[in-house]
Amino acid sequence: MIDLSQAGRGLDGYALLSAQLQALLAGERDFISNAAQFSAFIFHELTDLNWAGFYFARGEELVLGPFQGKVACVRIPFGRGVCGTAAASRQTQRVEDVHAFAGHIACDSASRSELVVPLIHDGRLIGVLDLDSPIAARFSEADQTGIETLAQIFLAASDC
Ligand code: SME
(Lines give C-alpha, C1' and ligand atoms only; values in the text may rest on other atoms or scores of the structure.)
Protein backbone atom coordinates (compact mmCIF):
# COMPACT_ATOMS: atom_id res chain seq x y z
CA MET A 1 0.00 0.00 0.00
CA ILE A 2 1.42 3.38 -1.00
CA ASP A 3 1.24 6.04 1.70
CA LEU A 4 0.42 9.11 -0.37
CA SER A 5 0.35 11.31 2.73
CA GLN A 6 4.16 11.03 2.82
CA ALA A 7 4.58 12.15 -0.80
CA GLY A 8 5.36 15.83 -1.29
CA ARG A 9 5.40 16.79 2.36
CA GLY A 10 5.55 20.56 2.77
CA LEU A 11 3.87 21.18 -0.60
CA ASP A 12 0.30 22.24 -1.18
CA GLY A 13 -2.24 22.54 -3.97
CA TYR A 14 -1.22 21.14 -7.36
CA ALA A 15 2.45 20.86 -6.30
CA LEU A 16 1.31 18.39 -3.64
CA LEU A 17 -1.00 16.55 -6.05
CA SER A 18 1.86 16.32 -8.57
CA ALA A 19 4.18 14.76 -5.98
CA GLN A 20 1.44 12.37 -4.86
CA LEU A 21 0.64 11.35 -8.45
CA GLN A 22 4.31 10.67 -9.18
CA ALA A 23 4.46 8.46 -6.07
CA LEU A 24 1.23 6.69 -7.02
CA LEU A 25 2.41 5.81 -10.54
CA ALA A 26 6.05 5.04 -9.69
CA GLY A 27 7.07 1.49 -10.54
CA GLU A 28 4.25 0.79 -13.00
CA ARG A 29 4.24 1.79 -16.67
CA ASP A 30 1.10 0.02 -17.91
CA PHE A 31 -0.98 2.68 -19.65
CA ILE A 32 -4.46 1.35 -18.79
CA SER A 33 -3.55 0.59 -15.18
CA ASN A 34 -2.05 4.06 -14.70
CA ALA A 35 -5.05 5.69 -16.42
CA ALA A 36 -7.39 3.88 -14.02
CA GLN A 37 -5.35 4.96 -11.00
CA PHE A 38 -5.11 8.53 -12.27
CA SER A 39 -8.87 8.85 -12.80
CA ALA A 40 -9.58 7.55 -9.27
CA PHE A 41 -6.89 9.83 -7.82
CA ILE A 42 -8.33 12.97 -9.45
CA PHE A 43 -11.93 12.07 -8.65
CA HIS A 44 -11.19 11.63 -4.95
CA GLU A 45 -8.57 14.36 -4.44
CA LEU A 46 -10.36 17.24 -6.23
CA THR A 47 -13.58 18.70 -4.85
CA ASP A 48 -16.88 19.10 -6.69
CA LEU A 49 -16.41 16.61 -9.53
CA ASN A 50 -19.11 14.27 -10.79
CA TRP A 51 -17.01 12.60 -13.49
CA ALA A 52 -13.28 12.14 -14.17
CA GLY A 53 -11.81 9.90 -16.81
CA PHE A 54 -10.44 9.19 -20.25
CA TYR A 55 -11.44 8.89 -23.85
CA PHE A 56 -8.82 7.32 -26.13
CA ALA A 57 -8.28 8.17 -29.81
CA ARG A 58 -9.26 5.33 -32.15
CA GLY A 59 -9.15 6.40 -35.80
CA GLU A 60 -11.29 9.50 -36.14
CA GLU A 61 -13.23 9.03 -32.90
CA LEU A 62 -12.79 8.83 -29.14
CA VAL A 63 -13.63 5.67 -27.21
CA LEU A 64 -14.38 5.56 -23.49
CA GLY A 65 -11.49 4.55 -21.21
CA PRO A 66 -11.11 4.20 -17.41
CA PHE A 67 -13.23 6.65 -15.43
CA GLN A 68 -14.98 7.43 -12.16
CA GLY A 69 -18.59 8.61 -12.13
CA LYS A 70 -21.86 7.65 -13.79
CA VAL A 71 -21.89 5.51 -16.95
CA ALA A 72 -21.04 7.62 -20.00
CA CYS A 73 -21.39 7.65 -23.78
CA VAL A 74 -18.86 5.28 -25.34
CA ARG A 75 -17.90 6.80 -28.71
CA ILE A 76 -17.49 10.48 -29.60
CA PRO A 77 -16.46 11.54 -33.14
CA PHE A 78 -13.61 14.08 -33.37
CA GLY A 79 -15.13 17.56 -33.47
CA ARG A 80 -18.27 16.66 -31.48
CA GLY A 81 -18.98 17.89 -27.96
CA VAL A 82 -16.36 19.27 -25.62
CA CYS A 83 -14.20 16.13 -25.78
CA GLY A 84 -14.33 15.87 -29.58
CA THR A 85 -13.46 19.58 -29.86
CA ALA A 86 -10.43 19.12 -27.58
CA ALA A 87 -9.32 16.13 -29.68
CA ALA A 88 -9.79 17.87 -33.05
CA SER A 89 -8.16 21.15 -31.98
CA ARG A 90 -5.56 19.61 -29.64
CA GLN A 91 -6.39 22.52 -27.31
CA THR A 92 -7.62 22.29 -23.73
CA GLN A 93 -11.32 23.14 -23.48
CA ARG A 94 -12.36 24.92 -20.26
CA VAL A 95 -16.13 25.38 -20.37
CA GLU A 96 -17.71 27.44 -17.59
CA ASP A 97 -21.30 26.61 -18.58
CA VAL A 98 -21.83 23.47 -20.62
CA HIS A 99 -25.40 24.58 -21.47
CA ALA A 100 -23.88 27.44 -23.45
CA PHE A 101 -21.48 25.15 -25.39
CA ALA A 102 -23.04 24.26 -28.74
CA GLY A 103 -22.94 20.50 -29.19
CA HIS A 104 -22.16 19.61 -25.58
CA ILE A 105 -22.90 15.92 -25.00
CA ALA A 106 -24.81 15.52 -21.73
CA CYS A 107 -23.79 12.17 -20.24
CA ASP A 108 -24.86 13.24 -16.74
CA SER A 109 -27.50 15.97 -16.53
CA ALA A 110 -25.85 17.17 -13.29
CA SER A 111 -22.78 18.44 -15.18
CA ARG A 112 -22.51 22.24 -15.37
CA SER A 113 -18.83 22.88 -16.19
CA GLU A 114 -16.13 20.83 -17.87
CA LEU A 115 -12.37 20.72 -18.44
CA VAL A 116 -10.98 18.55 -21.22
CA VAL A 117 -7.20 18.20 -21.72
CA PRO A 118 -5.84 16.58 -24.90
CA LEU A 119 -3.17 13.95 -24.28
CA ILE A 120 -0.35 14.29 -26.81
CA HIS A 121 2.75 12.10 -26.84
CA ASP A 122 5.52 12.52 -29.43
CA GLY A 123 3.14 14.60 -31.54
CA ARG A 124 0.48 11.86 -31.50
CA LEU A 125 -3.00 12.40 -30.00
CA ILE A 126 -3.47 9.59 -27.45
CA GLY A 127 -6.88 10.76 -26.23
CA VAL A 128 -8.35 13.25 -23.77
CA LEU A 129 -8.72 13.60 -20.02
CA ASP A 130 -12.24 14.80 -19.16
CA LEU A 131 -13.34 16.34 -15.84
CA ASP A 132 -16.98 17.30 -15.17
CA SER A 133 -18.39 19.33 -12.29
CA PRO A 134 -21.95 20.00 -11.07
CA ILE A 135 -20.78 23.56 -10.21
CA ALA A 136 -20.78 26.27 -12.90
CA ALA A 137 -17.29 27.71 -13.59
CA ARG A 138 -15.70 25.10 -11.28
CA PHE A 139 -12.38 25.15 -13.17
CA SER A 140 -10.11 28.21 -12.95
CA GLU A 141 -7.08 28.97 -15.09
CA ALA A 142 -4.97 27.65 -12.20
CA ASP A 143 -6.96 24.39 -12.28
CA GLN A 144 -6.33 24.14 -16.02
CA THR A 145 -2.58 24.58 -15.58
CA GLY A 146 -2.52 22.17 -12.64
CA ILE A 147 -4.50 19.46 -14.44
CA GLU A 148 -2.38 19.86 -17.59
CA THR A 149 0.70 19.28 -15.41
CA LEU A 150 -0.88 16.17 -13.86
CA ALA A 151 -1.69 14.88 -17.36
CA GLN A 152 1.98 15.33 -18.37
CA ILE A 153 3.09 13.39 -15.28
CA PHE A 154 0.71 10.56 -16.21
CA LEU A 155 1.98 10.45 -19.82
CA ALA A 156 5.64 10.50 -18.74
CA ALA A 157 4.99 7.69 -16.24
CA SER A 158 3.22 5.41 -18.74
CA ASP A 159 4.08 3.49 -21.91
CA CYS A 160 1.89 4.92 -24.64
N1 SME B 1 -19.67 16.10 -21.96
C2 SME B 1 -18.72 15.47 -22.84
C3 SME B 1 -19.04 14.02 -23.07
C4 SME B 1 -18.37 13.10 -22.12
S5 SME B 1 -19.07 13.07 -20.62
O6 SME B 1 -19.06 14.40 -20.00
C7 SME B 1 -18.37 11.96 -19.63
C8 SME B 1 -18.65 16.21 -24.16
O9 SME B 1 -19.45 17.10 -24.45
O10 SME B 1 -17.77 15.87 -24.94
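## Surface and charge

Accessible areas here come from the Shrake-Rupley method with a 1.4 Å probe. By that method the protein chain of this predicted model exposes about 7700 Å². Carbon and sulfur atoms supply 51% of that area. Of the 160 residues, 48% count as buried.

The chain carries 11 positive and 19 negative charges. Their mean positions are 4 Å apart.

## Overall fold

The chain holds four helices and six strands. Along the sequence they follow the pattern α-α-β-β-β-α-β-β-β-α. The radius of gyration is 15 Å, close to the 15 Å that the globule rule gives for 160 residues, so the chain is as compact as a globular protein of that length.

The C-alpha trace spans about 45 × 35 × 25 Å along its principal axes. Among contacts between residues at least 6 apart in sequence, 50% join residues at least 24 apart.

## Aromatic pairs

The structure holds eight aromatic pairs. One of them joins Phe 31 and Phe 56. This pair is tilted, with 5.2 Å centre to centre and 50° between the planes. Phe 31 sits in helix 2 (residues 31-45) and Phe 56 in strand 1 (residues 51-58), 25 residues apart. Both Phe 31 and Phe 56 are buried.

Trp 51 and Phe 67 form a stacked pair: 5.1 Å centre to centre, 15° between the planes. Trp 51 belongs to strand 1 and Phe 67 to strand 2 (residues 61-69), 16 residues apart. Trp 51 is buried, at 4% relative accessible area. Phe 67, at 25% relative accessibility, counts as partly exposed.

## Ring cluster

Ring pairs also link Phe 31, Phe 38, Phe 54, Phe 56 and Phe 154 into a cluster.

Methods
Residues numbered from 1 in each chain as written. Predicted model: local features only at pLDDT ≥ 70, side-chain atom pairs only at ≥ 80, totals over all residues. Heavy atoms only, no water. Phe/Tyr/Trp six-rings, centres within 6.5 Å; stacked < 30°, edge-to-face > 60°. Helix = DSSP H or I, 4+ residues; strand = E, 2+ residues; numbered from the N terminus. Buried < 20%, exposed > 50% of the residue type's maximum accessible area, 1.4 Å probe, protein only. Rg over C-alpha atoms; globule rule 2.2 N^0.38 Å. Contact = heavy atoms within 4.5 Å. Lys, Arg positive; Asp, Glu negative; His and termini not counted. Charge placed at Lys NZ, Arg CZ, Asp CG, Glu CD.
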